[in-house]
Number of protein chains: 2
Amino acid sequence: MNCEIITIGDELLIGQVIDTNSAWMATRLNEAGIRVKQMTSVSDDPEHITKELKAALNRSAIVLITGGLGPTKDDLTKDTLCRFFNTTLVEDPKVVHDLTVYFKSRGRELTETNRKQAEIPANCTPVYNKNGTAPGMWFDFEGKVIVSMPGVPYEMKAMMDEIVIPKLSSLFRLPKVSHQTIITTGVGESFLSDLLEPWETRLPPYFKLAYLPSTGMVRLRLSCYQSNDSLEVQLMEEVKKAKLLIGKYIYGYNDDTPEKIVGKLLIEKNQTLAVAESCTGGYISHLITSVPGSSTYYIGSTISYANEVKTRFLGVSQEVIADKGAVSEEVAKAMAEGVRSTLGSTWALSTTGIAGPGGGTADKPVGTVWIGLAGPNVLIAKKFQFGNDRLRNIQITAISAFTMLRKEILGLPD
Amino acid sequence: MNCEIITIGDELLIGQVIDTNSAWMATRLNEAGIRVKQMTSVSDDPEHITKELKAALNRSAIVLITGGLGPTKDDLTKDTLCRFFNTTLVEDPKVVHDLTVYFKSRGRELTETNRKQAEIPANCTPVYNKNGTAPGMWFDFEGKVIVSMPGVPYEMKAMMDEIVIPKLSSLFRLPKVSHQTIITTGVGESFLSDLLEPWETRLPPYFKLAYLPSTGMVRLRLSCYQSNDSLEVQLMEEVKKAKLLIGKYIYGYNDDTPEKIVGKLLIEKNQTLAVAESCTGGYISHLITSVPGSSTYYIGSTISYANEVKTRFLGVSQEVIADKGAVSEEVAKAMAEGVRSTLGSTWALSTTGIAGPGGGTADKPVGTVWIGLAGPNVLIAKKFQFGNDRLRNIQITAISAFTMLRKEILGLPD
């Protein structure tokens, strides 16, 4: 079952917006057993949109379109589809009602411009939008399916998860697809592949392995298309075999993230966490608190760009900062211990370093980072030398800090 | 002058990798006066690659291809191009030399697999790769240009900036393209479009306006293709006219972000900022510190999930928290004033709210947020009612906080 994704918008073609919708949709489609054959981005040009839609329908049974559904003059997708299907726009009473409620709850009247959003091509089934004003449109056309959705990611994602994917799955009776992902950290892709070779070469041919490297981690995804219950059991067995070879680098599975893993462990052990950030500037705390329910184990943080903050809130002595420098083992330890004792948490993490692009010296170049960790009977700090990219340094420091904490909580060797 | 971008790789089509190359290339091409007509992603399938290459050449004079140039069996771009041009592979002596040096510097011999990377189609001009092992390939073909580059972003980017863009610019005397973007916040796309109607309908036909909504903001992009100095002046004049209609919603232009705008203002005025976050959990601080040079004006933050943190670090009284609740005007003000006086900053922002999905009550449902602001002779707090999505609530709170601060720094009315 092939599918194509067409994203519409001048902003994509001039590079102002990175198309993240296509990759997200592809992941969801893939999980549902639908293969994406091509992704195409075109500008808000009716003729070009129509041509590419025709070309996509020649190759694939499903065409998903995002973008160009807003209320303004540059949004042309709806009119273009109307002409393509040789039909007219009709007002959908449920959308009118939803729009009226939507604007009323925001203290506004429904304007004529917005009322036009309730108009949809006569031959489509509306895909209601619970997160915005533009409805999606489902077209059944010569045995094929075309769905047009808004380009706003969280509006499109809700439509995909709640309506489009379930409807496609029931319509095309799709084969079952199973995936298991192993998440590793602290090891490169090629070294991992060497370790896994004896296992990888013996993998059954209907299992497909992919290496997915990203900042600070490598994910290994084992997939089985046309799966069934017994193949699913076998998939889990293969994951266990891989674990025997690379267990020390594994920190989680599937949708786990470093911050979720640490959160689960803290809940299990009924422990708490506080953080003293410097070079990561709030990013570690942001990751922790992006997990729903993190208030159970997360107490709070300090972020100290100015050295006085370290002294004022954490009791780090001015002498140590003057003697050893703010980016030092001693300060990393004092920050972790300081925030732990002040806030009374079980564990505390600290970071101090030079994220860049400025601030580097010959002794402590950009990318030098100390991560501190304080806990029951433990106070350590570890030095890292990352690269020159500010945001990457911040991200990889956060992942390394969670990895250190996870190992200490579990009592694993470094 | 039209260009197309074709990105090749199974990892794109199954959503494992987000295609960031196309947007980056489009920005560079656009700056050089080259319009991107279409972006297409296809899998490592020779037949499909060839079809799309032909289609692209029918539409455009330039086709840039990335991906599929690695040393392994699944990299098929080079062979596919060879068949397309009906030519053979020849070894490029300079690439052999470069590869030998590359592997020697890493303590390795040049293997047969890697030596194959020095083979390029006989009819192409090599585009040497200073950051990796696979050379790019430039083809002149029936008055059109095809360039194939590696998919690794930093290898491709160096080739584009140093070789491809300069060569294209000299080859096709390119027209100038001008863009101006107005960034607004606190107003919906359709309301903005109503306000701008008298201006938008009178825009010269060679100016194109686009509305780009994202979380908490709408960007308006005014473009002029085939621009010249006098049209550029006219473009700026049109931006001024738009400003008269929607000035109170504008917070910046072009590449500005809320955190950059606030940073620039603080530097201009030689002022400083501290933050007391609760429901935003570090995200505001993360945005501030993701701007290089933010240490000039940013002092530090506290993040208080547990109420004790508010009391301990910020001097918020336990009685006020007990009486009014942690999510209240009084606590938001006390947090802002507390962090400002403790850290001695010019300005302080605070957030307290219910990000969700849990923690809501009838009185204070999920999405209830108070933002506090303390500064010279000002101490205010404003209530917001956002939605149900945790991350979106965090993001929109951050944008709203920066908007409040910007208005206070500039002494603008609310």
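What percentage of the 414 residues in chain A is buried? Buried residues make up 45% of the chain, where a residue is buried if 20 or more other C-beta atoms, placed from the backbone, lie within 10 Å of its own. This is a predicted model, in which local features need pLDDT of at least 70 and side-chain atom pairs count only at pLDDT 80 or more, while totals for chains, interfaces and linings use all residues. Residues are numbered from 1 along each chain as its sequence is written, and chains are lettered from A in the order in which they are written.

The C-alpha atoms of chain A fill a box of roughly 80 × 60 × 40 Å along the principal axes. Chain A has 15 helices and 17 strands; these are DSSP runs numbered from the N terminus, with at least four residues (H or I) for a helix and at least two (E) for a strand.

An automatic or database domain assignment divides chain A into domain 1 (2-90 + 118-171), domain 2 (176-246) and domain 3 (258-410). Between domain 2 and domain 3 of chain A, the C-alpha centres are 32 Å apart. Their contact takes 5 residues from domain 2 and 6 residues from domain 3, two residues being in contact if their C-beta atoms, placed from the backbone, lie within 7 Å.

In chain B, strand E2 (residues 35-42) has 8 of its 8 residues buried. Strand E1 (residues 2-8) of chain B pairs with E2(B) in the parallel sense over 7 bridges; pairing requires at least two DSSP bridges between the strands. Here B:Asn2 has B:Arg35 as its bridge partner. E2(B) also pairs with strand E2 (residues 35-42) of chain A, in the antiparallel sense over 5 bridges, and A:Thr40 stands opposite B:Thr40.

Note on methods:
A residue is buried if 20 or more other C-beta atoms lie within 10 Å of its own, exposed if 12 or fewer, and partly exposed in between; C-beta atoms are placed from the backbone.
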